[in-house]
Amino acid sequence: MATEEQIEKWREAGKIASEVKKFARSKAKKGISIVELADTIEARIAELGGKPSFPVNIGINEKAAHYTPFHDDKTVLGEDLVKIDQGVALDGFPTDTAFTLDLTSDKRHAKIIEVTEKALKEAIKLARPGTPVREIGGKVHEVITAAGFSPIRNLSGHEIMRNKIHAGLSIPNYDNGNGSKLEENMIIALEPFATTGEGLVKEGKESGDFALIEKKPIRDARAREVFIFIEKEFSTLPFAGRWIYKKFGRRGLHSLRLLVREGAVRNYNELIEVSKQPTTHFEQTILVKDKPEVLTE
Ligand code: CO
């Protein structure tokens, strides 16, 4: 469990993350390219003195999670349902928060957005010591299905630790029977996803999200240089191919591929709803207490 000193870091990181969230809302408009959007949000994190917990993830329509653009992605926001997932880390203490925006002219996704946000609010009330994770999942499922939508069952909330954005407990979005209990001073992310589709995601195409897996002897000198940079800058937190491109140019991306082949670095895939239906996502980082404390409000 986090100590008081660590909790203070997390609180500070959470304050910056909520600032950034407001900024992201103001920038995510029709016509902006997602590369510009991600770059701008990440620049704002740096301005405020933080580091990204992971690259800014932008999920459009059926894309639910784990997508950050490569530097040459041409996608521009239009009549879309857009999820922005970001977090700020201070000293390796990461936070994680997400919201959904309806950019359609007729606001056709208003209801599912409202319901997902409500599911998160209800889940947060349960973020107290002793709550079994299945109970939180059951509540999320209840709120979302009562409104005629489906929670995404194979995406879940998670415990957060230093330099580990997904660590320890997994907190489901339905009652999966897991009786593991929350403990005081745990840092957790609760993150309901909802859809008009089946409620499952599968892997899609490669994302620009990467993360170091383990230290390995790297023979190629250039790849070794890139690996050392990754280790020093990001430790085991996810990072973007865009950031490697900015630092090392095209040859950096070649080195990155090599590191993936060698098993030193992993490359994530985007996660898309299996029936290709729109998805929503809201997420907050929470300190587990008798009175739960939302760090990224
Ligand atoms: Co998360």
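In what order do the 3 strands of the open sheet with β8 line up? The legends below get to that, view by view. This is a predicted model, in which local features need pLDDT of at least 70, side-chain atom pairs count only at pLDDT 80 or more, and totals for chains, interfaces and linings use all residues. Residues are numbered from 1 along each chain as its sequence is written, and side-chain values use heavy atoms, with hydrogens and water left out.

View 1. The order is β8-β12-β16, and the pairing is antiparallel. Helices (H or I, at least four residues) and strands (E, at least two) are DSSP runs, numbered from the N terminus; two strands pair if DSSP finds at least two bridges between them. At the edges sit β8 (150-151) and β16 (279-281), each pairing on one side only. Strand β12 (residues 193-195) is tied to β16 by 3 bridges, and one to look for has Thr195 partnered with Thr279 in β16. Helix α3 (residues 110-125) lies across β12 and β16, running at about 35° to β16. Axes here are lines fitted to C-alpha atoms, for helices over the stretch in contact, and angles run from 0 to 180 degrees between N-to-C directions.

View 2. Follow β2 to strand β4 (residues 81-86) and you'll cross 4 bridges; Gly59 has Lys83 in β4 as its bridge partner. Contact means heavy atoms within 4.5 Å.

**View 3. Helix α1 beside helix α2.** α1 and α2 (residues 34-47) pack at an angle of about 150°, with their axes 10 Å apart. That makes α1 roughly antiparallel to α2 (under 35 degrees counts as roughly parallel, over 145 as roughly antiparallel, 65 to 115 as roughly perpendicular and the rest as oblique). On the α1 side, Val20, Phe23, Ala24 and Lys27 meet Leu37, Thr40, Ile41, Arg44 and Ile45 of α2. By class, that's 6 nonpolar, 1 polar and 2 charged residues (Ala, Val, Leu, Ile, Met, Phe, Trp, Tyr, Cys and Pro count as nonpolar, Asp, Glu, Lys and Arg as charged, and the others, Gly among them, as polar).

**View 4. Helix α5 against helix α7.** The axes of α5 (residues 221-234) and α7 (residues 250-261) come within 9 Å and cross at roughly 85°. So α5 is roughly perpendicular to α7. Residues making the contact include Phe227 and Ile230 of α5 and Leu256 and Leu259 of α7. The contact has 7 nonpolar, 2 polar and 3 charged residues.

**View 5. Helix α5 against helix α6.** α5 also packs with α6 (residues 241-248), at an angle of about 120° and with the axes 12 Å apart. That makes α5 oblique to α6. Glu225, Val226, Phe229, Ile230 and Phe234 in α5 meet Trp243, Ile244, Lys247 and Phe248 in α6. These divide into 7 nonpolar, no polar and 2 charged.
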